[in-house]
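Where do the nonpolar side chains gather, on the surface and inside? The report below takes the two in turn.

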Amino acid sequence: MLLHDTALVYGRYLRQSLRSRFALLFGVLTPLLYLLFFGPLLTGLPLGGQGSSWQLLVPGLLLQLGLFGASFAGFAIIMEKGQGVVERMRVTPVSRLALLLGRVLRDATVFVFQAVLLVLAAVAMGLRAPLGGVLIGFAFVALLTVSLGSLSYALAMKVHTPQEFAPVVNALTMPSMLLSGLMLPMTLAPGWLDVLSHVMPFRYLVDAVRDAYVGSYGTDHMLYGVLVALGFAVLAVTVGTRVFRTAGA
């Protein structure tokens, strides 16, 4: 029943996304602008990592896509709460876990599709990376989306207006972007900032995807990245499911 219920919720929200093709393509615009206008500035610079500047920048942009996109996914729940959609779904026998999984899996599908578009644009600009590394990058985008989407929906279930939701998300996403080394490796930072960045779980994901993009699959970065990504996803889905079960009850 869980799989059946999840498929129903997933299909409902995926159809909504497919009907809004403009929003689907517009979501990739910000990382694409970084790629077009920021990427050429890094060409040939010593960035303190393996591979080319594109192999350092593109993994960060992929995870930036998941970070910002999934973090703001909860806006949809706030609107649905105002229209009574959430309450009507919660009085059905559908599993509370399915109500969450259907949404976050739809988000993961959308952001992986946008990640594919971003990588294709990067290849046209000079990115060269092994296929296995590119696929690993997509897997990390999906896991990050599931994690942050679950927490975003949980937060949205607890607040009442977008004015309450947006400041909290902004306060969390900006430090996450700056301390995880999405744009540039944290090895370029002062020692104290590099040490501080290790408390940010997203750094481990960024380091893992960068290793994958140069074909290094058996590194400590990869191991830590996989463990952090999976652990964060399990924790976030657990929290999100609990909130869906109890909020407003």
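What follows covers the surface patch, then the cores.

This is a predicted model: local features need pLDDT of at least 70, side-chain atom pairs count only at pLDDT 80 or more, and totals for chains, interfaces and linings use all residues. Residues are numbered from 1 along each chain as its sequence is written, and side-chain values use heavy atoms, without hydrogens and water.

**Surface patch**

Phe22, Phe26, Leu29, Leu33, Leu36 and Phe37 make up a nonpolar patch on the surface. Together they have about 630 Å² of accessible area (Shrake-Rupley, 1.4 Å probe, only the protein chains shown as cover). Two helices (DSSP runs of H or I, at least four residues) each supply at least two patch residues:

| Helix | Residues |
|---|---|
| Helix 2 | 21–26 |
| Helix 3 | 29–37 |

Helix 3 gives the largest share, 4 residues. Phe37 lies in helix 3. Phe37 counts as exposed (over 50%) because its relative accessibility is 61%.

**Cores**

A nonpolar core joins buried residues (under 20% relative accessible area) of nonpolar type through side-chain atoms within 4.5 Å. The largest has 39 residues; Val58, Leu62, Leu63, Val119, Phe140 and Tyr213 touch the most other members. Helix 5 gives the most to this core, 9 residues. Beyond four places in sequence, Phe140 is in contact (heavy atoms within 4.5 Å) with residues including Leu63, Leu205, Met222 and Val226. Another core, of 26 residues, lies apart, with Val86, Met89, Phe165 and Val237 among them.

Conventions:
Patch = residues over 30% accessible without salt bridge, like charges linked within 9 Å, V, L, I, M, F, W, Y side chains within 5 Å. Salt bridge = Lys/Arg side-chain N within 4 Å of Asp/Glu carboxyl O. Buried < 20%, exposed > 50% of the residue type's maximum accessible area, 1.4 Å probe, protein only.
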